[in-house]
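Hello,

Here is the structure I said I would pass on. My notes on it follow below.

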Amino acid sequence: MSFTDKICVVTGGANGIGRCLVERFAAAGARVAFMDLDAASGGRLAKKIGKNCLFAAGDIAREAVLSRFAGRVGRPEDIAAAVMFLCSPEAAFITGQNLVVDGGMTRRMIYHGDAGWTFAPPD
């Protein structure tokens, strides 16, 4: 599966499962941004991956700027893409999960007129 021209954001990406995700997405062509409390391990991993990687040391729970990841309103295609993935061979080991597809809205719900944001539906 190719993730060329895609951006992946991983929290807790310096070690364990998070590190594996960072490495796999980078190997598949994605540009990867990750954050972790372990500054030393994260820095080494970012150096190993190279130019398509951005690392920030810190606690994601305290980073208000990361509270809304997608920067846009969701589309029906976003849900369809998640469903198609879950039905694909790549998801063969995923069972019984609740998958939240909300562009980060669970973290901070923003409505029309909030924080200078307005909804403008496509034509």
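**Notes on the chain**

Buried residues account for 23% of the chain's 123 residues. Please keep in mind that this is a predicted model.

On secondary structure, the chain has 3 helices and 3 strands. Following the sequence, they come in the pattern β-α-β-α-β-α.

The 3 strands form an open sheet, with the order E1-E2-E3 and parallel pairing. Strand E1 (7–11) and strand E3 (53–57) are the edge strands, each pairing on one side only. On average, and with direction ignored, neighbouring strands of this sheet are turned by 10° against each other.

Helix H2, residues 39–49, packs on this sheet and touches both E2 and E3. The direction of helix H2 makes about 170° with that of E3.

To look at one strand pair in detail, start with E1 and strand E2, the latter covering residues 31–36. These two run parallel and are joined by 5 bridges. Within the pair, Val9 stands opposite Ala33 in E2.

One last figure concerns contacts along the chain. Of those with a separation of 6 or more, 40% are between residues 24 or more positions apart.

If you open the model, the sheet is a reasonable place to begin: find the edge strands E1 and E3, then helix H2 where it touches E2 and E3.

Regards

How values were computed:
Residues are numbered from 1 along each chain as its sequence is written. This is a predicted model: local features need pLDDT of at least 70, side-chain atom pairs count only at pLDDT 80 or more; totals for chains, interfaces and linings use all residues. Side-chain values use heavy atoms; hydrogens and water are left out. Two strands pair if DSSP finds at least two bridges between them. Helices (H or I, at least four residues) and strands (E, at least two) are DSSP runs, numbered from the N terminus. Axes are lines fitted to C-alpha atoms, for helices over the stretch in contact, and angles run from 0 to 180 degrees between N-to-C directions. Contact means heavy atoms within 4.5 Å. Buried means under 20% relative accessible area, exposed over 50%, partly exposed in between (1.4 Å probe, protein chains only).
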